[in-house]
Amino acid sequence: MAPSILSDANRRLEKALKYVTISDDASERLRYPKASLTVSIPVRMDNGTLRVFQGYRVRYDDTRGPTKGGIRFHPSVTLDEVQSLAFWMTFKCAALNLPLGGAKGGVTVNPKELSMFELERLSRGYIDAIANFIGPDVDVPAPDVYTNPMIMGWMMDQYSIIRRKLSPAVITGKPLSMGGSQGRDTATGTGAFYVLQALMARFGKAPELTTVAVQGFGNAGSVVARHLFDAGYKVVAVSDSQGGVYAPQGLDIPSIQQFKTSTRSLKAVYCEGTVCNSVQDHSILTNEELLTLNVDILIPAALENQITAENADDIQAKYIFEVANGPITSEADDILATKGIYVFPDILVNAGGVTVSYFEWVQNRSGLYWSLEDVNNRLKSMIVTEAESIWDIAQNLSISPRTAAYVHALERLGDALNAKGTRDYYVSGI
Ligand code: NAD
């Protein structure tokens, strides 16, 4: 059975706590979510029956600002999972120095079984149920697994109806026409590329001599693969849920993107005319094979728990950049460390998404909208600064980049929590 995400997250927190001098008060506060809401959402189905869905919203910590985190529509959503993901968001926002806390939301539902009308009623019903728990200065949701800009648009509209005023800053990841930001759709992959480029420069290996395998060719994975291809890296393998393709001389990523967009599957890449011609001498491989390829860089960009104690020993990549959330278990982390593999963690590598969500919120509040170039320049400057600080912490303390990212976040969270008053104030006086 896969380990629980929360226990894994806590293991990593405990590791990092050894390297920071935050007060006991602050570390104690960070072990518990600030507030958790469970709601029932009645939805009138197309056939006239009524179904009631369970929904959740958790605000983990808001010491550094309003809380931020996505809304997941998935059959396996539980309060425990939502709390763990909210914990993660708290550390991600602090690691990136965003003036935001961490939150998460979800509804236990298989959205693929709903009609579009039912999905809209569920999305609006969820906002009806949590409206008093969220708000532009309180908690700002965003998309996550199986939610998208259209759903964010419905949710923003519903909140605005309830408040009787247009409230675009209540939610991010909206369509551009409803106050969304330029660059939000590509932000995670673009941010991951900026981090990778900055850190690989420290290792002094030329892009054209660097081979890369990407697991998951979706929103995040395909964007990072494209940036790497454009920058001259040799992307030798990519995969999706159907399987993968491998070409030691490098894949033609733009053609694969084009085929994926028109067919929704990488399968077409293997067998249909022009792309096969452009990917000479390619071979088909499974996702398990992709993970263990002899490449310089491995990018898991699909699901959680992909590298576990079972397959960690077979990993041959020298550097792993976690674009997916939680693709490596903490047990596997220990095995990879003994093999000398550098793992750059999700809370840094995929933070481009929440960073541009933050930009969207800023733009909604100011009413001044930025160009794509502006968005990408600001993203690059923020994420590269934090990536370099995290790398320096890892070097100075001789710890993994993951523990360094938690240390970096904990120092900021600790400072903010201490500033509210700790036991030391009462003991030592002002
Ligand atoms: P997506 O649904 O667009 O893409 C997921 C891709 O993974 C798809 O191509 C799918 O076919 C593939 N996939 C599914 N199962 C697979 C398997 N067993 N092996 C290989 N590939 C498989 O999702 P996304 O938005 O790109 O998110 C991917 C990961 O990145 C998730 O872990 C998500 O939490 C994380 N992430 C995404 C964002 C974002 O803004 N999109 C932000 C932060 C983190």
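Start with strand E6, residues 211-215, and strand E10, residues 297-300: in this predicted model, the two run parallel and are joined by four bridges.

Now step back to the whole sheet. It is open and has seven strands, in the order E9-E8-E7-E6-E10-E11-E12, with mixed pairing. At the edges are strand E9 (283-285) and strand E12 (342-344), each of which pairs on one side only. From one strand to the next, the twist averages 20 degrees.

Next, helix H4, residues 116-130. H4 has 15 residues, and from its first C-alpha to its last it reaches 21 Å, close to the 21 Å expected at 1.5 Å a residue. Which residues of H4 are buried? They are Glu 118, Leu 119, Leu 122, Ser 123, Arg 124, Gly 125, Tyr 126, Ile 127 and Ile 130. An α-helix has 3.6 residues a turn, so residues three or four places apart point the same way. The cover over the buried residues of H4 includes strands E1 (35-44), E2 (50-61), E3 (67-74) and E4 (101-108), as well as helix H5 (149-163).

Last, the ligand. It is surrounded by 20 residues, and the closest are Thr 188, Asn 219, Ala 220, Ser 241 and Asn 287. For Phe 217, a backbone N or O atom lies 3.4 Å from an oxygen of the ligand. For Gly 218, again a backbone N or O atom, the distance to a ligand oxygen is 3.2 Å. With Asn 325, a polar side-chain atom sits 3.0 Å from an oxygen atom of the ligand.

Notes:
Residues are numbered from 1 along each chain as its sequence is written. This is a predicted model: local features need pLDDT of at least 70, side-chain atom pairs count only at pLDDT 80 or more; totals for chains, interfaces and linings use all residues. Side-chain values use heavy atoms; hydrogens and water are left out. Two strands pair if DSSP finds at least two bridges between them. Axes are lines fitted to C-alpha atoms, for helices over the stretch in contact, and angles run from 0 to 180 degrees between N-to-C directions. The expected span of a helix is 1.5 Å times one less than its number of residues. Buried means under 20% relative accessible area, exposed over 50%, partly exposed in between (1.4 Å probe, protein chains only). Contact means heavy atoms within 4.5 Å. A residue is near a molecule or strand if one of its heavy atoms lies within 4 Å of it. A polar contact is a pair of N or O atoms within 3.5 Å; within protein, one must be able to donate a hydrogen and the other to accept it, and residues adjacent in sequence count only if both atoms are side-chain atoms.
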